[in-house]
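Hi everyone, thanks for coming.

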Amino acid sequence: AACGRTGPAGPSAGALVTPADAIVDAVEKERAGTGKERAFTLRAAESELDLGGRTVRTWSYGDALPGGELRVSAGDTLKATLENRLPDPTSVHWHGLALRNDMDGVPPVTQKAVRPGEDFTYRFIVDTPGTHWFHPHVGTQIDRGLYAPIIVDDPDEPLAYDEEWVVMLDDWLDGVDGTTPDAVLEEVRGGMDHGGHGGHGEGGGMGDGPMRMGNTLMGASSDLLGGDAGDIYYPMHLINGRPAGDPRTFTAEPGARLRLRLVNAGGDTAYRVVLGGHRMTVTHTDGYPVEHREVDGVVLGMGERYDVLVTLKDGVFPLVALAEGKDATALGVVRTGSGRAPGGDVRPDALDGEIVHATELKAAPEVRLEKRSPEAEHTIELTGGMGAYDWALNGRRFDHDDPTKGAYKCEQGQRVRVVFKNSTMMWHPMHLHGHTFQIAGGGPRKDTVIVLPGESVKVDFEADNPGQWLVHCHNIYHGEAGMMGLLAYT
Ligand code: C2O
Ligand code: CU
C-alpha cells in the first residue's frame with residue numbers, strides 16, 4: 001500500500017457494459033446457495049492509523065489496517081453495504097470470488113463508482129471456500145490501505161488444525177515520519193522526469209509520483225524474480241499493519257497445528273515468506289487446494305494467496321516476509337513459549353531454503369480441470385517498459401472510457417486457454433476476475449499468477465460465468481498505467 005495519492009476521481013464516463021440481468025440472474029440461481037444471508041457494513045473513510053508507533057492519515061475500511069475480516073461459509077449469500085465516506089468515488093472488488101458479474105466492483109464496467117457520501121449494497125452467493133480479499137477497483141486507492149480479508153469457510157473442512165491466522169502483507173511508503181507523500185516520492189524519483197502515463201480522468205489526478213515509484217522499485221527486482229538489485233527501498237513493510245520494528249505477536253500452544261492464510265496486499269512487492277525454525281506444508285493457493293507439498297517457504301506476488309500448515313515448536317519464532325529484491329522485511333512474532341523476541345533484522349535460514357513457486361505445484365485431484373481442448377484461445381502479451389511507462393497488453397493500453405475495445409472474447413460453456421507471454425524485463429502478477437484458471441499441465445487452480453520476464457504461462461478455464469471481466473497486472477501501477485484488458489462473453 002501507500003503511495004499516498006490515489007488515482008483520479010475514478011472513471012466517470014462510459015456506460016455499463018455488464019450483460020443482461022436475466023443471464024446473470026439465471027447463473028446466480030444455479031449457484032449452490034444455502035439461502036443463508038450474512039450482512040456486513042464496510043465503512044470506507046479517511047482515518048488516522050497507528051502503524052507501530054507511527055501515525056498516518058490515510059484511507060481504510062473501518063479505521064483499521066487491514067480492515068476487519070469478513071467470514072462466511074460456502075453457500076452463504078454475502079450482503080455487504082459499502083458506505084463511501086471518502087472524498088472520492090470508490091467500489092469494492094472481491095478478489096478471487098467467482099461471483100455474479102454485476103457485483104464485481106469494477107467501474108465503469110460492472111457498476112458506476114459509488115460517489116462520496118453514498119452507499120452501495122453488494123449481494124451475491126459465495127459458492128466456493130477459500131482465502132480471498134477485497135479492495136477498491138478505482139485508480140490506486142487500494143494502495144492507501146483499503147483492503148481486508150474475506151475468508152470463505154468450507155462446511156466440510158477436510159483439514160485439521162488448532163489455530164488459524166490470516167496474515168496480510170503490504171508495502172508502505174508514505175506517512176512514515178510526517179514526510180508528505182509528495183516529498184517522499186520526490187526523493188524516490190531522484191529528479192527523473194516522467195512524461196505521463198496516458199491515464200484516464202481529468203487533470204492526471206494519479207500524478208506520476210506513484211507511477212514512477214512503482215517503476216523505480218520494480219527496477220530493483222530480485223534475482224529470484226529477475227532484474228537487478230537497486231538501492232531504492234520502502235520505509236516499511238507490514239504484516240497485519242505492523243512494521244518489523246514493532247511487530248504483531250501471534251500466540252499459540254507448542255505443538256499446535258497452525259493454518260496460516262497468507263495474502264499479499266502490496267501494490268508493488270513480492271514477498272518470500274518463512275517461519276523461522278519450521279517447515280511448512282502448502283495446502284492451497286488462491287483459495288484452491290493443491291497436492292500437499294512440504295517446503296521452507298512460499299513466494300507471493302501481489303494479489304496471490306497461500307494457505308500453509310505448520311506444527312509449532314516451543315519457543316519464539318520470526319514470521320518473516322522478505323521483500324524480494326528490496327533488502328527489507330516484514331516481521332511477525334510467533335510465541336508458543338518463553339524466549340526473547342527476534343529483532344527486526346532477523347534473517348532465518350529458511351529464506352535460503354526450498355522456496356516453492358506456483359508453477360511447481362499441482363492442483364488437488366478434486367479441483368483439477370478435466371482434459372479438454374480449448375475452444376477459444378488468446379495470447380496476451382505483456383508489453384511495455386520502465387522507460388516510457390507504457391505498460392500494456394498486446395501493445396494496447398487499457399482505455400477506461402472505452403473498456404470493451406479490443407476485448408478478449410469467449411462464449412459461455414467454452415474451455416478457454418490464455419497464454420500470458422511476458423515480453424518485458426519485469427515480472428507481472430496477472431489476475432483474472434470472476435474465474436479460477438488452472439496452470440496448464442496439471443498445475444494449481446489460481447486467479448493470479450506470476451509471469452517471469454521473458455517467460456510464458458499457459459492457463460485454462462471454463463467460461464461458466466457470463467459477463468465482462470478484467471484481466472490485469474496486479475502491480476497496481478502497471479495495471480493503472482494500462483496493463484489491463486477485458487474478457488467479454490459474447
Ligand atoms: Cu485484486 Cu482487479 O484485482
Ligand atoms: Cu506488471
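Okay, so first thing: this is a predicted model. Count up the salt bridges and you get 33. I'll walk you through a few.

Let's start with Glu 354 and Arg 293, whose side chains meet in a salt bridge at 3.1 Å, N to O. Where do these two sit? Glu 354 is in the loop between β19 and β20, and Arg 293 is in strand β15, so the pair ties together parts that are 61 residues apart in sequence. Glu 354 is partly exposed, at 31% relative accessibility, and Arg 293 is partly exposed too, at 27%.

Next up, Glu 304 and Lys 446. Here the closest N and O atoms are 2.7 Å apart. This pair links distant parts of the chain: Glu 304 is in the loop between β16 and β17, while Lys 446 belongs to strand β27, 142 residues apart. Buried or exposed, these two? Glu 304 is buried, with a relative accessible area of 1%, and Lys 446 counts as buried at 0%.

Arg 372 sits in the loop between β20 and β21, Glu 462 in strand β29, and they're 90 residues apart. Arg 372 is partly exposed at 33%, and so is Glu 462, at 23%.

And then there's a network. Salt bridges that share partners join Glu 69, Arg 71, Asp 153, Glu 157, Glu 164, Arg 259, Arg 261 and Asp 307 into one.

That's it from me, thanks!

Technical notes: Residues are numbered from 1 along each chain as its sequence is written. Chains are lettered from A and ligands numbered from 1 in the order in which they are written. This is a predicted model: local features need pLDDT of at least 70, side-chain atom pairs count only at pLDDT 80 or more; totals for chains, interfaces and linings use all residues. Side-chain values use heavy atoms; hydrogens and water are left out. A salt bridge is a side-chain nitrogen of Lys or Arg within 4 Å of a carboxyl oxygen of Asp or Glu. Helices (H or I, at least four residues) and strands (E, at least two) are DSSP runs, numbered from the N terminus. Buried means under 20% relative accessible area, exposed over 50%, partly exposed in between (1.4 Å probe, protein chains only).
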